[in-house]
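Student: Please take a close look at one helix in this model. Tell me what covers it, what space opens beside it and how the rest of the fold is arranged. Keep it brisk and give me the cut-offs.

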Amino acid sequence: MSTATDRASGSSSDAVPSPRASAGPAPDSGAGLPHHVRTAFGVREADVQPVVVGGIPSWRCADVLIRPVTDNALAAWSARVLDTLTVDGLRVARPLRSSDGRWVVAGYSACEYVSGTPQPRYDELVATSLRLHTATASVRRPRLLDDRDGLTARADAAAWGERAITMEPTAGGLLFDDLARYRRQIRLPAQVVHPDLFGTVLFDGDAPPAILDLVPFWRPVEWAAAVIVVDALAWGGGDPALLGTWAHLDGWPQALLRALLFRVALHAQHPASTAESLRGLDYAADLIVQRL
């Protein structure tokens with residue numbers, strides 16, 4: 001599946017469901033970026049280069065990157081946080097306001113262009129997650145989470161045993177039920193975390209990794225790191241040694257289980273799930289159950 005709302009955009013598999021913002025209203029490369037949007041972000045005269053960043057069709061206009069969004073409130077929240085966020089060892093693409101002060105114009109947002117591509121540097125990716133979430137520890141829980149009720153919100157709640165949802169048995173529902181019996185109580189503090197870093201963090205040689213946005217969840221830092229490991233094992237060809245590398249994190253086995261349950265529940269609801277992507281989750285499950 002190639003939509004980005006419920007897949008890890010830019011990952012190694014087009015069949016990876018995860019909570020990315022949708023590619024939304026992006027016109028095709030022939031139509032180009034609307035002139036009024038370019039004007040609003042001060043790049044009307046710049047050369048426009050269609051690019052794909054984090055799996056989302058976007059446009060580079062000189063040193064500015066313009067991307068489509070479908071959730072204006074989420075995009076504006078992300079921009080406000082990233083506008084002042086400083087993370088040691090991490091490049092943050094600074095969001096840019098329009099000429100009238102808006103973060104979003106006609107379904108598009110803008111930020112500084114940063115170089116790099118997603119790469120299978122998974123240990124570095126987990127380390128990036130931990131550094132990022134040290135910086136977001138003081139970010140208040142956004143109210144926009146209160147009304148969230150999409151596939152990812154339902155999958156997240158189901159993974160933590162907070163909600164019963166309907167899942168297609170052959171798309172992962174049976175696997176979910178089998179894994180849920182291993183669930184035990186876990187006591188880890190929750191904060192704002194971004195669990196969709198797989199396939200969206202940009203690497204460029206020895207430069208620090210780069211992020212372009214935040215997709216907020218109110219969960220433990222360890223869980224966000226575990227989601228990366230699950231994604232890497234299921235769909236990224238990740239080395240099973242990843243499971244041991246980060247075993248020092250608090251509550252690691254149960255964090256891994258909830259990350260796996262999250263991905264399985266999302267897969268079992270998603271209309272574009274495939275047998276191939278489910279095989280990846282089965283593979284990750286076999287490895288993780290051995291540690292429970």
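Tutor: Helices (H or I, at least four residues) and strands (E, at least two) are DSSP runs, numbered from the N terminus. The expected span of a helix is 1.5 Å times one less than its number of residues.

First, the ground rules. This is a predicted model, where local features need pLDDT of at least 70 and side-chain atom pairs need 80 or more, while totals for chains, interfaces and linings use all residues. Numbering runs from 1 along each chain as its sequence is written, and side-chain values use heavy atoms, with hydrogens and water left out.

The protein chain has 9 helices and 10 strands. Of its 292 residues, 57% count as buried; that means under 20% relative accessible area, with exposed over 50% and partly exposed in between (1.4 Å probe, protein chains only). Contact means heavy atoms within 4.5 Å. Among contacts between residues at least 6 apart in sequence, 73% join residues at least 24 apart.

Now to the helix: H4, residues 151-159. H4 is mostly covered, with 8 of its 9 residues buried. The buried residues are Leu 151, Thr 152, Ala 153, Ala 155, Asp 156, Ala 157, Ala 158 and Ala 159. Their cover includes helix H5 (173-180), S10, H6 and H8. After H4 comes Gly 161, with a positive phi near 70°.

A pocket is found on a 1 Å grid over the protein atoms alone, with a 1.4 Å probe: it is an open set of points with protein on both sides within 12 Å along at least five of seven lines, and lining residues have an atom within 4 Å of a point. Grid points are joined across faces, edges and corners, and the volume is the space filled by probe spheres set on the points. The second largest pocket has a volume of about 230 Å³. Its lining elements that give two or more residues are H4 and strand S10 (217-219). The lining includes Ala 153, Asp 156 and Ala 157. It also includes Phe 217, Trp 218 and Arg 219. Arg 141, Arg 148, Asp 149, Glu 162 and Arg 163 are among the other lining residues. The lining divides into 5 nonpolar, no polar and 7 charged residues. Here Ala, Val, Leu, Ile, Met, Phe, Trp, Tyr, Cys and Pro count as nonpolar, Asp, Glu, Lys and Arg as charged, and the others, Gly among them, as polar.

Val 221 is in H6 (residues 221-235). Val 221 counts as buried because its relative accessibility is 17%. Leaving aside neighbours within four places in sequence, Val 221 is in contact with Leu 130, His 133, Pro 189, Gln 191 and Val 193. Val 221 and Leu 130 are 91 residues apart in sequence, yet 6.9 Å apart in space, C-alpha to C-alpha.

H8 (residues 252-269) has 18 residues and reaches 26 Å from its first C-alpha to its last, close to the 26 Å expected at 1.5 Å a residue. In H8, 17 of the 18 residues are buried. In the loop between H8 and helix H9 (275-289) sits Pro 271. Pro 271 is exposed because its relative accessible area is 75%. Its C-alpha is 9.5 Å from that of Ala 171, 100 residues apart along the chain.

A nonpolar core is a set of buried Ala, Val, Leu, Ile, Met, Phe, Trp, Tyr and Cys residues joined through side-chain atoms within 4.5 Å. The largest has 72 residues, and Trp 223 and Leu 260 touch the most other members. H6 gives the most to this core, with 13 residues. Beyond four places in sequence, Leu 260 is in contact with Leu 179, Val 230, Leu 281, Ala 284, Ala 285 and Ile 288. Apart from this core lies another, of 13 residues, among them Leu 33, Ala 40, Ala 46 and Val 105.

Leu 33 lies in the segment before helix H1 (35-40). Leu 33 counts as buried because its relative accessibility is 5%. Its contacts beyond four places in sequence are Arg 38, Trp 59, Cys 61, Ile 66 and Tyr 108.
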